[in-house]
Amino acid sequence: MHGNSTDPGRLSASLPAQNKIYDTAAGALWHLAVYEPVHEGREFTNMAGAALLDSIGTEFGLGAGHSVLELCSGTGEVCRYLAGRFDCQITGIELNPSQLDHARLKHRQLPTSVQKRVRFLRGDVNTWMPDRAYDLVVAVDSLALMNDPGDALAVAHAALRPGGHLVFADILTGRELSDRVRGTAWEYDGIRPLPQPADTAELLSHLGFVDIVHTDISAAAVDCFRIISGALTVRQRAIQDVCTAEEYQHWCESTEFYLDSFVRRELSYGRFTARRPAQDDS
């Protein structure tokens, strides 16, 4: 996904200065181009949406009594969805104050039973110190925005109870990533694709994770950007009413760039699961 205008609250030592992603994610443009056509109105700022979260909840049997941590919780939609769908307790960590304010505003609109299971904290996921142990840590489309995703993954490891699991989905280097695509992804959104699956798995192993599994879900990225591309055409007049001509052109160009990059497999979209060893693991 991609944004356009710069919000200084988003910028920190954790994120490159030109990273503009998600800055306008609560606005009308995102609703018209992404949330409504791709995610049935839900404010998912990631590519895989509810299908990914349903697969996570089912695979790990999420339910009442499970505690979940989301790194880079943004608008809070992932937290709200998991808590409402699976009755789990969930904490979202987010650095951007405007994103956090929006998440808390939406939180107050939830049924009381769901409100009690969700909390949002402001923090830098590269340095945040967990205040409890979690059964599951989730990160969706956020690690590729970081200077060093290893720092956030180390925080995830520290936050897990022994035997707990990490799940993340993100943009990875494709089979043949050109300098042009690498440079354009950086220029547009400050994205550094994660290493190819084997190298990302090696990083997870180095951090102490075991049972590392990668699943290629690039088809979800292609579907996402195809839908956005269609929405930008079909809803052109409505979208141009809520943004500048330059913003609209940027969305069109960047959408086609990402779509083409995933189709050509210069970029890939991957889902990883890993486990913090239990105390009785040999």
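The model you have open is predicted.

**Stop 1: strand β7**

Select residues 267-275, which form strand β7. Colour them by burial. Of the 9 residues here, 9 are buried, so the rest of the structure largely encloses the strand.

Now look at the side chains. Which residues point one way from β7, and which the other way? L267, Y269, R271, T273 and R275 take one side. S268, G270, F272 and A274 take the other. Both sets are buried.

**Stop 2**

For a landmark, pick H165: R275 in β7 stands opposite.

**Stop 3**

**Stop 4: S229 in helix α9**

Move to residues 218-234, helix α9, and select S229 within this helix. Is S229 buried or exposed? Its relative accessibility is 18%. Buried means under 20%, so S229 counts as buried.

What does S229 touch, leaving out residues up to four places away in sequence? The answer is T255 and E256. Show the side chains of S229 and E256. They make a polar contact with each other, at 2.5 Å. End the tour with that pair in view.

Key. Residues are numbered from 1 along each chain as its sequence is written. This is a predicted model: local features need pLDDT of at least 70, side-chain atom pairs count only at pLDDT 80 or more; totals for chains, interfaces and linings use all residues. Side-chain values use heavy atoms; hydrogens and water are left out. Helices (H or I, at least four residues) and strands (E, at least two) are DSSP runs, numbered from the N terminus. Buried means under 20% relative accessible area, exposed over 50%, partly exposed in between (1.4 Å probe, protein chains only). A polar contact is a pair of N or O atoms within 3.5 Å; within protein, one must be able to donate a hydrogen and the other to accept it, and residues adjacent in sequence count only if both atoms are side-chain atoms. Contact means heavy atoms within 4.5 Å. Two strands pair if DSSP finds at least two bridges between them.
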